[in-house]
2 protein chains.
Amino acid sequence: MEKFKFEVLYKSKKSRARVGRIYTSHGVIDTPSFVAVGTNGTLKAVDNKIVDFLGLQLMFCNTYHLLLHPGVDLIKKAGGIHKFASRNGPIITDSGGFQVFSLAYGSVCEELKSKGTKKHNGGVLKINEDGVLFRSYRDGSKILLTPESSIEAQKKIGADIIVSFDELPPYHIDNKKLQESLDRTHRWEKRSLDAHLKNKNNQALYSVIHGGVDKELRKKSCEYLKTLPFDGFAIGGSVGKDRQEMLQMLKFLMPILPENKPNHLLGIGDIESIKGIIPFGVDTFDSSHPTRCARHGLLFTKKGTLRILKSGNSQVFRPIEDDCLCSTCQNYTLSYIYHLFKANELSALTLATIHNIHFMIELLKEYQGKILRDEI
Amino acid sequence: MEKFKFEVLYKSKKSRARVGRIYTSHGVIDTPSFVAVGTNGTLKAVDNKIVDFLGLQLMFCNTYHLLLHPGVDLIKKAGGIHKFASRNGPIITDSGGFQVFSLAYGSVCEELKSKGTKKHNGGVLKINEDGVLFRSYRDGSKILLTPESSIEAQKKIGADIIVSFDELPPYHIDNKKLQESLDRTHRWEKRSLDAHLKNKNNQALYSVIHGGVDKELRKKSCEYLKTLPFDGFAIGGSVGKDRQEMLQMLKFLMPILPENKPNHLLGIGDIESIKGIIPFGVDTFDSSHPTRCARHGLLFTKKGTLRILKSGNSQVFRPIEDDCLCSTCQNYTLSYIYHLFKANELSALTLATIHNIHFMIELLKEYQGKILRDEI
């Protein structure tokens with residue numbers, strides 16, 4: 001079985017952008033790479049055989065959701081997530097922490113809207129040094145998520161890349177509390193690593209760099225986590241309230257990451273952001289944005305996003321993009337896809353998702369080419 | 001371009017069952033054949049390339065729906081329904097009458113529940129000798145459906161097989177009114193035929209035999225329609241309030257149909273009914289039952305219908321059927337499909353639909369074999 005390995009194949013002469021390759025026992029990931037989100041072990045509206053056919057190299061599954069259903073013991077019994085979901089290529093799981101804390105605090109976006117006054121705690125019963133106790137929204141059972149139980153869950157799921165358990169502090173937090181949260185996250189990540197090293201299971205473990213929007217804390221986090229034998233570095237927590245703040249933070253943070261390890265930017269994947277982050281040397285990044293857009297009839301093209309339900313599209317007897325090689329564009333016209341969306345046909349969602357995923361994969365191949373030619 | 005043609009290849013020595021072949025310019029249909037319903041030019045939850053791959057020989061589209069959206073002029077502009085929907089194989093459309101009258105009277109099932117007291121008329125404004133005037137539920141516009149306009153619409157859609165415009169009398173109707181309705185239907189079918197013969201457009205036109213649950217009227221309908229140069233004979237209207245009544249009517253009716261023309265039973269396709277109708281010599285029949293069942297998690301197997309959400313299935317790491325060659329069974333386990341249904345994933349609906357359609361196609365191939373061996 002191939003061991004986890006990372007190679008930097010080329011560094012741009014123009015920026016910190018780089019082309020690399022991650023090796024896993026389920027295949028390679030050519031970086032920079034878009035990672036599609038298949039929360040429940042499937043992308044929305046397309047099955048894993050279509051995903052294979054599309055050539056998606058890395059799929060992101062959510063431990064929180066898989067823990068609640070079907071349960072990690074069942075996935076283990078099935079032979080692991082690859083076998084369970086009939087997914088041949090590499091998979092990455094998160095720790096489950098993000099979802100639990102999002103439930104407690106709300107997303108950054110929700111928080112900004114509510115100014116940090118979110119009242120519901122999404123079933124979170126207790127947060128202490130041990131971990132987080134929360135109530136399953138499925139069956140009401142209490143679930144304790146700790147560094148050790150998260151790693152154990154991720155071992156049972158069996159993804160190629162797993163992620164340390166961290167605390168996700170709210171965006172509205174004073175500096176002292178952010179500092180305390182970071183220290184706890186570091187202790188949790190060390191415990192995650194210890195649990196992982198007892199049974200590597202041919203998996204790679206990424207740490208998560210925290211520190212919110214405080215550059216000094218981000219630096220501190222980076223310096224500390226670099227001292228530990230993690231296989232890669234994810235960037236988590238709130239990196240800013242908007243794209244501008246995020247890019248400023250990454251400009252500062254990326255140069256202090258170790259160059260010989262792969263990095264992953266959590267939860268970013270809109271096309272404008274990608275343009276901004278690639279020159280900083282981001283290797284992989286996950287987002288449900290392209291698949292969610294597809295289901296809302298927002299189709300990606302080289303000329304920008306096309307809103308399928310714009311009435312003019314009903315008369316366009318050409319594909320979404322003339323030179324696109326995806327099976328949707330090879331077979332169907334905008335007129336037909338418009339009709340399917342209007343008629344609320346489920347096949348509309350599948351065809352749109354296929355196109356957007358294909359678009360993202362091609363886009364990242366183009367970025368790889370540009371890096372190799374020192375164009376970015 | 002291949003002309004419409006029908007051949008009886010073999011007649012069972014045991015019953016009236018027969019194996020035949022319908023030739024169209026978009027390919028052949030081996031009969032008896034299950035016809036899947038793709039109301040809006042797509043089956044629910046699977047796109048037409050998957051349908052091609054599954055080997056579905058005939059797809060049923062609804063003129064009523066296509067008339068309201070995207071409109072038949074647009075389909076004509078796109079180059080016809082095959083090109084518009086990227087469907088390579090044969091297509092049949094109905095006249096639109098069934099849906100309009102169903103809206104007015106309700107389905108037989110609804111009618112039986114309400115005992116014919118349905119108050120809403122579903123937008124039907126006027127029914128007279130000319131045709132039916134109704135209001136589009138989409139944009140409120142008034143649409144007049146007559147024999148001539150139905151045929152014109154079906155010419156613009158461009159299916160391989162089209163159907164005469166008929167009146168669908170309610171199930172609760174006295175004999176005099178049923179007789180009057182039948183006479184009008186005959187006049188409408190003659191007008192449909194006249195409109196068709198002016199521009200055959202390489203399409204075949206089927207008549208629809210009516211007469212409700214009255215055997216004498218059914219016979220009269222059959223005798224009359226046989227005198228006209230239709231390419232095939234559909235059986236429409238209420239053939240009974242339950243399977244038993246339907247089978248009794250078909251036992252009476254099928255022997256008086258012309259043997260050298262293909263027949264089509266409208267709107268029947270559950271597995272028990274198929275078992276009953278094949279020995280009477282039914283050639284094709286359409287039903288949305290298999291695809292609807294799939295979306296409700298009812299999966300067809302040789303041992304009967306399997307309800308995916310039965311909790312035991314979560315632990316079954318085998319396919320829906322061990323020896324099934326459909327792509328769902330070749331790649332996924334019951335356990336995974338159970339999980340996708342539980343998690344409300346759209347891919348669940350696609351995987352289930354693929355299996356049920358494949359099952360129906362294989363089932364009909366088996367029936368063909370049984371007829372050839374005189375087993376039924």
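The model is predicted, so local features need pLDDT of at least 70 and side-chain atom pairs count only at pLDDT 80 or more, while totals for chains, interfaces and linings use all residues. Residues are numbered from 1 along each chain as its sequence is written, and chains are lettered from A and ligands numbered from 1 in the order in which they are written.

The contact between the chains takes 31 residues from chain A and 31 residues from chain B; two residues are in contact if their C-beta atoms, placed from the backbone, lie within 7 Å. On the side of chain B that touches chain A, two or more residues each come from helix 4 (81-85), helix 13 (327-331), helix 14 (334-342) and helix 15 (346-372) of chain B. Helices (H or I, at least four residues) and strands (E, at least two) are DSSP runs, numbered from the N terminus. This side of chain B has 15 nonpolar, eleven polar and five charged residues. Here Ala, Val, Leu, Ile, Met, Phe, Trp, Tyr, Cys and Pro count as nonpolar, Asp, Glu, Lys and Arg as charged, and the others, Gly among them, as polar.

C329(B) is placed in helix 13 of chain B. C329(B) counts as buried because it has 24 C-beta neighbours inside 10 Å; the term buried requires 20 or more other C-beta atoms within 10 Å, exposed 12 or fewer, and partly exposed a count in between, with C-beta atoms placed from the backbone. Neighbours within four places in sequence aside, C329(B) is in contact with P319(B), I320(B), E321(B), C324(B) and H355(B).

In chain A, the axes of helix 8 (residues 175-197) and helix 9 (residues 215-226) come within 11 Å and cross at roughly 15 degrees. Axes are lines fitted to C-alpha atoms, for helices over the stretch in contact, and angles run from 0 to 180 degrees between N-to-C directions. Helix 8 and helix 9 of chain A are therefore roughly parallel to each other (under 35 degrees; over 145 is roughly antiparallel, 65 to 115 roughly perpendicular and the rest oblique). L178(A), Q179(A), L182(A), H186(A) and E189(A) of helix 8 meet L217(A), S221(A), Y224(A) and L225(A) of helix 9. By class, this contact in chain A has five nonpolar, three polar and one charged residues. In chain B, helix 8 (residues 175-197) and helix 9 (residues 215-226) pack at about 15 degrees, with their axes 11 Å apart.

Three strands of chain B form an open antiparallel sheet in the order 7-8-9, where two strands pair if DSSP finds at least two bridges between them. Strand 7 (124-127) and strand 9 (142-145) of chain B stand at the edges with a single partner strand each, so one side of each is left without a neighbour in the sheet. The twist averages 15 degrees from one strand to the next. Three bridges join strand 7 of chain B to strand 8 (residues 132-135) of chain B, and V124(B) stands opposite F134(B) in strand 8 of chain B. Helix 5 (residues 97-105) of chain B packs on the sheet and touches strand 7, strand 8 and strand 9 of chain B.
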